[in-house]
Amino acid sequence: MENRRRIAILCSHICPPEPVPFSGVVSVSVCASADSDKVKGCVFCKIIRGQSPALKLYEDDMCLCILDTNPLSRGHSLIIPKSHFSSLEGTPPSVVGAMCSKVPFISNAIMKATGCDSFNLLVNNGAAAGQVIFHTHIHIIPRKASDCLWASESLRRCPLKLDEETSQLADQVRDQLSKNSKDSPGQESNPVSHIS
């Protein structure tokens, strides 16, 4: 069942219901060079190269924003980097920063155009999280009260248990942050040692 959903979503990105030709100049990028098989077959790289149709909302040197071809709500959009990175952790912080810096500007326009006053910002990172196109992208999903978009919204949340297991998890994450900051120049780590 889950594989069917992923295939349907992937197909909707590849074969939009009413294709609209891509127009405009696209900056040269890794996607534009199409050197590797992964980049050649990537639907987002094809959109960036002008080889696949998309409804473009915004574009700059680093990223592109398009309407999702299989939207969860009216105005559901995707912010896509113009260089191919298959996952969020493989995307340089400067690219993630460039994408995220556009969220207030783009989401404000989407909310006004759709009459919504809220939105979800979502990244499906990895197959288990629902990622079906392995090119980093951010979803902006406009929301209205009582739209019942996520089944999980009706689930009762349990409070965090402040026990030994939770404390060990926090220690493990802090250890990883400390290790990652040593391995990644420019990434600062300010681990804390207790609950504040």
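Begin by selecting Arg-143, which, when residues up to four places away in sequence are not counted, touches Cys-116, Asp-117, Ser-118, Phe-119, Asn-120, Leu-149, Trp-150 and Glu-153, where touching, or contact, means heavy atoms within 4.5 Å. Before going further, note that this is a predicted model, in which local features need pLDDT of at least 70 and side-chain atom pairs count only at pLDDT 80 or more, while totals for chains, interfaces and linings use all residues. Residues are numbered from 1 along each chain as its sequence is written, and side-chain values use heavy atoms, with hydrogens and water left out.

Arg-143 lies in strand β5, a strand being a DSSP run of E with at least two residues, just as a helix is a run of H or I with at least four, both numbered from the N terminus. Arg-143 counts as buried because its relative accessible area is 8%; buried means under 20%, exposed over 50%, and partly exposed in between, with a 1.4 Å probe and protein chains only. Now show the side chains of Asn-120 and Asp-147: the side chain of Arg-143 makes a polar contact of 2.5 Å with that of Asn-120, and another of 2.6 Å with that of Asp-147. A polar contact is a pair of N or O atoms within 3.5 Å; within protein, one must be able to donate a hydrogen and the other to accept it, and residues adjacent in sequence count only if both atoms are side-chain atoms.

Select Lys-144 next, in the loop between β5 and α7. Is Lys-144 buried or partly exposed? With 46% relative accessibility, Lys-144 is partly exposed. Leaving out residues up to four places away in sequence, Lys-144 touches Thr-114, Gly-115 and Cys-116.

Move on to His-135, in the loop between β4 (118–122) and β5 (138–143). This residue is buried, with a relative accessible area of 0%, and the side chain of His-135 makes a polar contact of 3.1 Å with the side chain of His-84. Beyond its neighbours within four places in sequence, His-135 is in contact with several residues, including Cys-31, Cys-42, Cys-45 and Phe-85.

Finish at Leu-177, which is placed in helix α7 (residues 164–183) and is partly exposed, at 45% relative accessible area.
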